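Biologist: I am new to this structure and would like to learn how to read it. Could you walk me through some features?

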Amino acid sequence: MEGILFPRGVVEGLEGLDAYRSRGGYDAVSRLGEFSPQDIIATVEASGLRGRGGAGFPTGRKLALTLECPETPHYVVMNGGEDEPGSHKDRVLMENLPHLLLDGIILAAYAVQAEKAYLYINHNYEAATGAVETALREAREAGYWGEDIAGSGFSLELVMVAAPSNYVAGEDTAALEVIEGKEPLPRQKPPFPVTEGLFGKPSLVNNVETLANIAPIVARGAEWFRSFGTAESPGTMIFSLGDEMERPGVYELPLGTPLRHLLEECGGGLKGGKPIKAILPGGPSSGFLLPDNLDLPLDHDALREAGSSIGCGVVKVLTEGDSVLDELMRIADFFAKESCGQCPACRMETNMLVALLKKVQQGEGNDALTEQFGKVIAFNKGKGFCSLINMPGPPIESAVRLFPEEFRGA
Amino acid sequence: MNRFCLVCQNVDCKSRGSEELMKELQDRVAAKGLDDVEVRSYMCFGACQEGPNMVVYPDKCWYAGVKSEDVDDIVAHLAGGPHVDRLDKIDPSLKELIYQLLDTGVF
């Protein structure tokens, strides 16, 4: 199936500069003077692209907000921290389509009139770092970035920064802290990075996959982009399937594709043809779905209405016999360990949820204990600088609702 | 039933001296022979800015911002004396949440 990022919707190896150019790559960059920043923003806004890092914020809006800020200079940050367990999409994009990515970063930087863009890449990603490094050199030699790009009068510097691999380091404001040479700790928002970001200046911080969509949108237009996906969630998204599936890996699919297609046609079902018990469709911070939900379209709104979320497209499937409780314990434990400890409420919540789950695992579960999950989550909701505090809630609360028997005592 | 004096040992409370406080309380409780009272650590009560925090349970009595000069009065309470009202300054909704958790046995 045709993709927006991967020409055939699947990974086909590292695309070099010539191959990328032969499919129209860097065309807009090599004619940059023919476009105004507003032209690019208008096209991205018309495309309806939403951020692919998990929050789903309209990208065109973010570009416009950044450009509008009178304070200078402006910066762009490509967030390739990618610390969500099971997520490989950003790594796969950087490893295989580095020029597509740079093309998008250059266009985004022009759109917000940034003088410098930082490529923040998980330091464990050696192959991705290497591929981006090579692409940066090739693109520089070809004149796609540097001084006075293609005679447009616009100059841009691109710099790589190694990202720590802890979870909060992937949070946008923690990325800014690292680039500034500090510890990876999220900042309190507002102010948001668009107005007060890197070094206190207006900054566009976008996920790798979001930026990868910019060049195809600019090159082929909003209407073409909207021919993929749904009216509210246009375009494609990269979904990651884990080793529990017959064919694990990443798949680019139009948003709105039924979950069943991803799991059965792409993933080949669970290994050994085992039956599905539950699905976490959007990573460890999404709510559980049941096998009855297999015909749900994979888009932001449909999953939200079903009590879950699309997150960053990491799909985890449990089979009959798998314990939902064990999965919750792994999730709760992960967030407790990854909480940076800055915000008291987050520290209390993540530790408390682990303690409660332990009680249940020890066979001491009862209705009064089960009720505490919702109370702890509700009490702490939104009380942290970053969104980590809201992460363990959806899987736990959906599990309480869908699998109450797992919370009862032995 | 045993009584517990739960002393928070998370980062914030520790940085405000809760480790020393717990040790002092343990020594004093032992010296006084209060066999029904166990002074032990707790992971977090979620009131870090008010720390060091401790909760006497099942009395449901929360002491915040405890200093070593408060230990005498707290030990007196544990020995059957009055609550130390001046150390009771925590928001009732947080108290309610934590007391419920303790009631369900989350220690």
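**Reading contacts, burial and charge**

Modeller: Let us begin with a polar contact: a polar atom of the side chain of B:Ser18 lies 2.8 Å from the backbone oxygen of B:Cys8. Please keep in mind that this is a predicted model.

Biologist: Which backbone nitrogen does the side chain of B:Ser18 reach?

Modeller: That of B:Lys14, at 3.3 Å. B:Ser18 itself belongs to helix H2 of chain B, which covers residues 18-31.

Biologist: Is B:Ser18 buried or exposed?

Modeller: The general idea is that a residue counts as buried under 20% relative accessible area and as exposed over 50%. B:Ser18 counts as buried because its relative accessibility is 0%. A:Leu32, in the loop between H1 and helix H2 (37-47) of chain A, is also at 0% relative accessibility and therefore buried. For an exposed case, take A:Asp18 in helix H1 (residues 17-22) of chain A: its relative accessibility is 57%.

Biologist: Now to charges. How should I read a salt bridge?

Modeller: Side chains of opposite charge can pair when their charged atoms come close. Over all chains, a search of the whole structure finds 35 salt bridges. One of these joins A:Glu171 and A:Lys189, with 3.1 Å between the closest N and O atoms. A:Glu171 sits in the loop between S3 and helix H7 (172-179) of chain A, and A:Lys189 in the loop between H7 and strand S4 (203-207), so the pair ties together parts that are 18 residues apart in sequence.

Biologist: How accessible are A:Glu171 and A:Lys189?

Modeller: A:Glu171 is buried, at 11% relative accessible area, whereas A:Lys189 is partly exposed at 26%.

Biologist: Which residues are linked in a network of salt bridges?

Modeller: In chain A, look for A:Glu177, A:Glu180, A:Lys182 and A:Arg187.

Biologist: What about a buried charge that has no salt bridge?

Modeller: A:Asp299 is such a case: the nearest side chain of opposite charge belongs to A:Arg50, 7.0 Å away. A polar atom of the A:Asp299 side chain lies 3.0 Å from the backbone nitrogen of A:Asp301. You will find A:Asp299 in the loop between strand S7 (276-280) and helix H11 (300-305) of chain A.

Biologist: Which residues form a negative surface patch?

Modeller: A:Glu115, A:Glu147, A:Asp148 and A:Glu157 form it. Among them, A:Asp148 lies in the loop between helix H6 (126-141) and strand S3 (157-163) of chain A. A:Asp148 counts as partly exposed because its relative accessibility is 41%.

Definitions and conventions:
Residues numbered from 1 in each chain as written. Chains lettered and ligands numbered in written order. Predicted model: local features only at pLDDT ≥ 70, side-chain atom pairs only at ≥ 80, totals over all residues. Heavy atoms only, no water. Patch = residues over 30% accessible without salt bridge, like charges linked within 9 Å, V, L, I, M, F, W, Y side chains within 5 Å. Areas by Shrake-Rupley, 256 points an atom, 1.4 Å probe, with all protein chains shown as cover. Salt bridge = Lys/Arg side-chain N within 4 Å of Asp/Glu carboxyl O. Lys, Arg positive; Asp, Glu negative; His and termini not counted. Charge placed at Lys NZ, Arg CZ, Asp CG, Glu CD. Helix = DSSP H or I, 4+ residues; strand = E, 2+ residues; numbered from the N terminus. Buried < 20%, exposed > 50% of the residue type's maximum accessible area, 1.4 Å probe, protein only. Polar contact = N/O pair within 3.5 Å; in protein donor to acceptor, adjacent residues only side chain to side chain.
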